[in-house]
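Work through the exercises below with the structure open beside the text. Each task is followed by a solution in steps.

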Amino acid sequence: MSDTRRHVPRTDAVLAHPQIAHAMCVLGRATVKATVAAVQEQARAGRVAPDEVVSVVLASLPERATTLSPVVNATGVLVHTNLGRAPLSRAARDAIDVATGSTDVEFDLATGARARRGRGALAALAEAVPDAEAVHVVNNNAAALLLTAMALAGDADILLSRGEFVEIGDGFRIPELLGASGARIREVGTTNRTTLEDYRRALGERTAFILKVHPSNFVVRGFTASVSVAELATLGVPVVVDIGSGLLRPHPLLPNEPDAASTLRAGATLVTASGDKLLGGPQCGLLLGSADVVERLRRHPVARALRVDKLTLAALEATLRGPAPPVTVALETKEDELRVRAERLAKTLADEGIDAEVVRCHSAIGGGGAPDVELPSWGIGVPAAWARELRTGSPPVVGRVRRGRCVLDLRTVAPDDDARLLAAVRAVHHRRKGERTWTS
Ligand SMILES: *Cc1c(COP(=O)(O)O)cnc(C)c1O
């Protein structure tokens, strides 16, 4: 055995090092042991000095027990599905923290008896939409639609306009989702035009309900016609409306986006929506509507398979009761405010000799919502070639490449993250500069 090999510290000695013992509490024994074994192997091969094993292990350990990274979303897409949709508010994060341990999610502390699960979140939702007689929450909007089809239609007919045969993303299509419940989808009208008369002709003994799906991720222009909820409500069958984005009340910046309150007031029996789009909360599916229909959904056996966990309930309640969540803040931030921030950041970088400038850009709602809305915004432009390094840096920063520049749109970056954004851009600049010096 060579001298080096003999001096490689033993596993128990490395694991006993205070910082490594601490890492085991954070990351788990198996992860840390595997890293220690890998570094010992390198030491035996002579690539790591025996007295550096501990420091190399510490440098090689992951930061946390999840492989998910917190990302700075500089894409300008407010609800970015690939980046986890709505970022939660501070209040919602704190609420999740409270709920992580044992909590009274289904327990009445005063009486010691079982209590209605998630009553705080449900009460907050009911208060936010007084037009709903009753509310229920499931895992996501897709689950809300599936539960509705199973509980209200069984194998009967759901009437759906051909103009509302929507693919929501990743190959998932609403008619197929509904079909998987066993219900039959009866197609009404045509792609561009569906009239009240079309619905009336399609009505029959087998009709369970009419479904109206908000075509949230595309717009149809030209020779078009569709039927309003108010008109559908005159046909004498339940009208279920999937509004998509979870706007609870009308919003002046989103004039074409349907909201739960107006839809119910127009006569919808039931409204379904996502919790993690424009509502700005955790992933969940909202069901709002008439008391007897919501009770049928709640009592259906499948409801149990679609129920949300305590963390979701905590975050939803805090989103509804707490301060405006980041999605709302981003939506409502004034263009001038963004310009001032962009100018300040770009000047800081330019003064340091970094290739960055202020750019005008447009933000989008995203998450398959409000496809016709463009929000004027401001950001900083850096070389397009930096996009990959920004994404793989720490923290990762995701921008958008446009006309040879990587644009970092400030509308979706919390002002608290400006310093991290600057640091990320600086790091790429210095790494590249360092490499150039090295190779020249
Ligand atoms: C996003 C969306 C869905 C899917 O919602 P999830 O919460 O992701 O399941 C369904 N319908 C419409 C109209 C949507 O916009």
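Helices, of four residues or more, and strands, of two or more, are DSSP runs numbered from the N terminus. The model used here is predicted.

**Exercise 1.** State how the chain is divided into domains.

*Solution.* Step 1: the assignment gives domain 1 as 4-60 and domain 3 as 89-323. Step 2: domain 2 is made of two segments, 72-80 and 328-439. Step 3: between the C-alpha centres of domain 1 and domain 3 there are 52 Å.

**Exercise 2.** Describe the largest pocket and explain where it lies between domains.

*Solution.* Step 1: the largest pocket holds about 1600 Å³ of space. Step 2: it is lined by 43 residues, and those closest to its centre are Val-71, Ala-86, Pro-87, Leu-88 and Arg-93. Step 3: elements that each supply at least two lining residues include strand E1 (72-73) and helix H6 (90-99). Helix H15 gives the largest share, 4 residues. Step 4: the lining has 23 nonpolar, 9 polar and 11 charged residues. Step 5: domain 2 and domain 3 both contribute to this lining, so the largest pocket lies between them.

**Exercise 3.** Which residues are closest to the centre of the second largest pocket, and which domains supply its lining?

*Solution.* Step 1: the space in the second largest pocket is about 690 Å³. Step 2: among its 33 lining residues, Lys-212, His-214, Pro-215, Ser-226 and Asn-256 are closest to the centre. Step 3: strand E8 (207-213) and strand E13 (369-383) are among the elements giving two or more residues. Step 4: the lining divides into 14 nonpolar, 14 polar and 5 charged residues. Step 5: domain 2 and domain 3 each provide at least three residues of the lining.

Definitions and conventions: Residues are numbered from 1 along each chain as its sequence is written. This is a predicted model: local features need pLDDT of at least 70, side-chain atom pairs count only at pLDDT 80 or more; totals for chains, interfaces and linings use all residues. Side-chain values use heavy atoms; hydrogens and water are left out. Domain bounds come from an automatic or database domain assignment. On a 1 Å grid over the protein atoms alone, a cavity is a set of points where a 1.4 Å probe fits but cannot get out, and a pocket is an open set with protein on both sides within 12 Å along at least five of seven lines; lining residues have an atom within 4 Å of a point. Grid points are joined across faces, edges and corners, and a volume is the space filled by probe spheres set on the points. Ala, Val, Leu, Ile, Met, Phe, Trp, Tyr, Cys and Pro count as nonpolar, Asp, Glu, Lys and Arg as charged, and the others, Gly among them, as polar.
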